[in-house]
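Here is a short report for a reader new to this structure. Take a look at the model, then read on.

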Amino acid sequence: MAGAMVLVGCSSNSGSDTQKLVVSTWGLNADIVQKDVYEPFEKENNCEIVVEEGGTSDRYTKFANNPNSDVDIIELSQAEAQKGYAADLFEKLDYSKIGNAKDLIDAASKLKDDNGYGVPYTLNSIGIIYDKEATGFEIKEWNDLWDSRLKGQISIPEITTTFGPAMVHIASDYKGVDITSDNGKAAFEALEELKPNIVKTYTKSSDLTNMFSAGEISVAVVADFGVSLIQKNNENCEYVVPESGTYANFNTIEVNKNSDNKDLAYKYIDWRLSKDLQYKDAVSDLNEAPTNKTVELTEEEALNKTYGDVAARAKVIDFKFVNPLLEDWVDQWTRILNS
């Protein structure tokens, strides 16, 4: 569906003077997003939202090749957003125009202040999901992944996925080395030590469901948004976020510096950060953890989300550090794990 353009506005908004806001996004759970996010915004602002759908990398590449496109807003993961910052593709935002930005959780607020561009509107993180019956012992920490009893039982995210770089950070932590001190050298030594336990790397968390069901794996490193689907099909699987911490990924909303609809874009960002919408997105099938700290979730509503205590111990990856190294990391990963 990469590149697909979907007109979301109602026919009553089809007048020639009606403003259109073009939003580039993933297109996941599009019916829910249309009902909960787009339609109320269109009604409030007498506008139409046009959606360009596709994968993160494909959408960013298309946008980077044509920043004069009609795209007003692009929603990206941290890694892809950082590329845009480096290329000066996005608008430096005036946060005084975004009232709800003052309510961002600390990590999101710091990220906003550090980059000066887009605003983080949701976050996710990784943990360990495992079949305790199959492993025969309890897994509590990242270091447990290196236990020899897990030989040929683990799947981890491929380096090119959202959480691939987080896996490199976890490996460096296992060695007790600050990854910025050696550019990942110790991490890849640790990954080589982990290799006997890894049966397969994966690119989509949905693939893990089948691997658990088929008995190919008993342990996986997975993003929290993939946990419910795995557990739905594999009742023995338990999810744990180590007490030592985890790594988070923020999704951000960026404004095209060449957009002619910046005032409307500011209103859209403020809407996405609003308490009511952030709560609704968290408890719906979107399962988006809120970045607005005024949103309160019950224990049940917070299940498998980067919220509360989990969010408090989640570390944020510095993609200004990672992105220049990524090509070399991919080469090392391929040589060590995929050969």
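Asn287 is partly exposed, with a relative accessible area of 23%. Partly exposed lies between buried (under 20% relative accessible area) and exposed (over 50%), using a 1.4 Å probe and protein chains only. Asn287 sits in the loop between helix H12 (275-283) and strand S11 (289-290). Its phi is near 55°, a positive value in a residue other than glycine. Most residues other than glycine have a negative phi.

Asp88 is not a glycine, yet has a positive phi of about 55°. Asp88 is found in the loop between helix H3 (78-86) and helix H4 (106-115). With a relative accessible area of 40%, Asp88 is partly exposed.

## Basis of the model

This is a predicted model, in which local features need pLDDT of at least 70, side-chain atom pairs count only at pLDDT 80 or more, and totals for chains, interfaces and linings use all residues. Residues are numbered from 1 along each chain as its sequence is written, and side-chain values use heavy atoms, with hydrogens and water left out.

Helices (H or I, at least four residues) and strands (E, at least two) are DSSP runs, numbered from the N terminus.

## Helix H15

Helix H15 covers residues 326-337. At 1.5 Å a residue, its 12 residues should span 16 Å, and the end C-alpha atoms are 16 Å apart, which agrees. The expected span is 1.5 Å times one less than the number of residues.

Which residues of H15 are buried? They are Trp329, Gln332, Trp333, Ile336 and Leu337. These cover an arc of only 105° around the axis, which puts them on the same side of H15. The arc is taken from the directions from the helix axis to the C-beta atoms. The face turned away from the buried side carries the exposed residues Glu327 and Arg335.

The buried residues of H15 pack against several elements, including strand S6 (154-157), helix H6 (164-174), helix H8 (185-194) and helix H14 (319-322). Contact means heavy atoms within 4.5 Å.

## Helices H6 and H8

H6 and H8 pack at an angle of about 90°, with their axes 7 Å apart. Axes are lines fitted to C-alpha atoms, for helices over the stretch in contact, and angles run from 0 to 180 degrees between N-to-C directions. H6 and H8 are therefore roughly perpendicular to each other. Angles of 65 to 115 degrees count as roughly perpendicular, under 35 as roughly parallel, over 145 as roughly antiparallel and the rest as oblique.

On the H6 side, Met167, Val168, Ala171, Ser172 and Tyr174 take part. They meet Ala187, Phe188, Ala190, Leu191, Glu193 and Leu194 in H8.

## Helices H1 and H11

The axes of helix H1 (residues 30-45) and helix H11 (residues 262-272) come within 11 Å and cross at roughly 130°. That makes H1 oblique to H11. The contact involves Asp36, Val37, Tyr38, Pro40, Phe41 and Asn45 of H1. From H11 come Leu264, Lys267, Tyr268, Trp271 and Arg272.

Trp271 counts as partly exposed, at 23% relative accessibility. Leaving aside neighbours within four places in sequence, Trp271 is in contact with Asp36, Val37, Pro40, Phe41 and Leu277. Trp271 and Val241 are 30 residues apart in sequence and 31 Å apart in space, C-alpha to C-alpha.

## Thr209 in helix H9

Is Thr209 buried or exposed? At 7% relative accessibility, Thr209 counts as buried. Thr209 belongs to helix H9 (residues 206-213). Beyond its neighbours within four places in sequence, Thr209 touches Leu229, Ile230, Asn233 and Asn234.
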